Amino acid sequence: MTTSHYIAGHWVEGQGSDCISVNDPALGQPFAELMAASVTQVDQAVAAARNALPAWKNTSASERAAFLRGFAEQLGQRREALVTLQMRNNGKPRHEAEIDLDDAIATFGYYAEQAEQLPSKNRTVPLAAPGFTARTRLEPVGVVGLIVPWNFPLVTSAWKLAPALAAGCTVVLKPSEVTPLIEQAYGQIADALGLPAGVLNIVNGKAETGAALSNHNGLDKLSFTGSNSVGSQVMRSASAQCRPVTLELGGKSAIVVFEDCDVDQAVEWIVAGISWNAGQMCSATSRLLVQDGIADTLLPRLQAALANLRVGNPLTEEVDMGPLTSQAQWLKVASYFATAREEGLQCLAGGHALDREGWFVSPTLYTDVPKDSRLWTEEIFGPVLCARRFTTEEQAIAEANDSRFGLVATVCSADLERAERVADALEVGHVWINSVQAVFVETSWGGTKGSGIGRELGPWGLSAYQSVKHVTRCLG
Ligand code: NAD
């Protein structure tokens, strides 16, 4: 049993009613367990964040930047432990777990710099009207609740935590019950750095704990990453209290491959876009749109590339793809395999769970999938790729945009003018041209349509935790 809640600068045992099993998905076995935080403990965490706010928001930006640099350094010092824990609990291949850690480190470093630049942004506003001066003050929003999912625990939490602390907010973080041990590192680092008690609080638990936090009237803002169904509930709670919310939700993103592409290169991008993190990415490019002139060459090579992926236990084998992270996700993906069989979809690769211990599925490719198929329209969150052919650029844009989601897209073409034109026409928050899943902390993250509200990363990620105030003075 693990003591895993960090409240007001203390590690405490959970007093909730849920017992959380922490699993190794490659074995389908638990390796730790903990008790969820109770509703009272969520109250205590919010109260601690509220108590810590006046002092924290009045720290200098350079003081906050020093703490953020400390987080980056300490993450680096815990590299091996954090990489191994992600491999064990998420089922991530080693190189992916390393990249996640590096992403989190870069995020804290970047927001340290952003914090240092804050004083220069509190400046005088030139006014056309005579007789007045005005100045801007960027103030922290206040106490923020951060609720995150399990697929990129270190990264998603860093994308919220670093800008929130940089802005001068105090936080209550609720990690996913599927990966509750990973973000404990942030509490341990806060301890090691001497971050003032209550600035960062961590409460673990399932839906009940999340709901206690998102319904809490002591928050000034809630930032949520997760499914659309829970995101709607979080938004309802926020609306009841008229408070701001950032929502990073699901996706069903397109990868558009034009016939002037190098086929082998395109196959590499397509495979990475659906097999990275076993396809458990909001940004998985799970809808392949391939132009007629290249489809007959590309699809057999894609089939072979997916079949050749080494799928296995990242802790004991050299693998390209690990298991799905939870049994629930494994059952969900298996249910889509059943739907595909019922719908009579043409399966070129995979289409089944692996016959071995653990929560493994084979990388899967369905072709000529009808536009109204559930597999074409719904987020599956697994290594399941659906393909359709297109003839013209206009058709590709229309089909890519024909989705209730709008998170990301990839465009592959040797004609860069065309690629840029298509990128401009796609209704999403981020487009990659001739690359896939390349996320940089300086660029934004977030979606249009059903993929969410607001942006993370870059200066936009910091703005999400700031409130703009102007002070206007009459000179007369
Ligand atoms: P989820 O919505 O089930 O859970 C997310 C978090 O919300 C967890 O911490 C969970 O405990 C908590 N929660 C559950 N019920 C709650 C409630 N009623 N009130 C408040 N909190 C509650 O999502 P998941 O299965 O953990 O993650 C997968 C989803 O996350 C996918 O849809 C994926 O696309 C999305 N996602 C989006 C992004 C993005 O940046 N857009 C990134 C990663 C994941």
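Contact means heavy atoms within 4.5 Å. The model is predicted, so local features need pLDDT of at least 70 and side-chain atom pairs pLDDT 80 or more, while totals for chains, interfaces and linings use all residues. Residues are numbered from 1 along each chain as its sequence is written, and side-chain values use heavy atoms, leaving out hydrogens and water.

**View 1**
Ser4 sits in the segment before β1 (5-7). Strands are DSSP runs of E with at least two residues, and helices are runs of H or I with at least four, both numbered from the N terminus. Ser4 has a relative accessible area of 0%. Ser4 therefore counts as buried (under 20% relative accessible area, 1.4 Å probe, protein chains only). Beyond neighbours within four places in sequence, Ser4 touches Trp11, Val12, Leu34, Gln184, Ile202 and Asn204.

**View 2. The fold around the site.**
The protein has 15 helices and 22 strands. Of its 476 residues, 57% are buried. Among contacts with a separation of 6 or more, 71% join residues 24 or more positions apart.

**View 3. Overall dimensions.**
The C-alpha atoms fill a box of roughly 75 × 60 × 40 Å along the principal axes. The radius of gyration is 23 Å, which agrees with the value near 23 Å for a compact globule of 476 residues (taken over C-alpha atoms; the rule is 2.2 Å times the number of residues to the power 0.38).

**View 4. Charged side chains.**
There are 37 positive and 51 negative side chains (Lys and Arg against Asp and Glu; His and chain ends not counted). The centres of the two sets lie 8 Å apart, with charges placed at NZ of Lys, CZ of Arg, CG of Asp or CD of Glu.

Technical notes
Buried means under 20% relative accessible area, exposed over 50%, partly exposed in between (1.4 Å probe, protein chains only).
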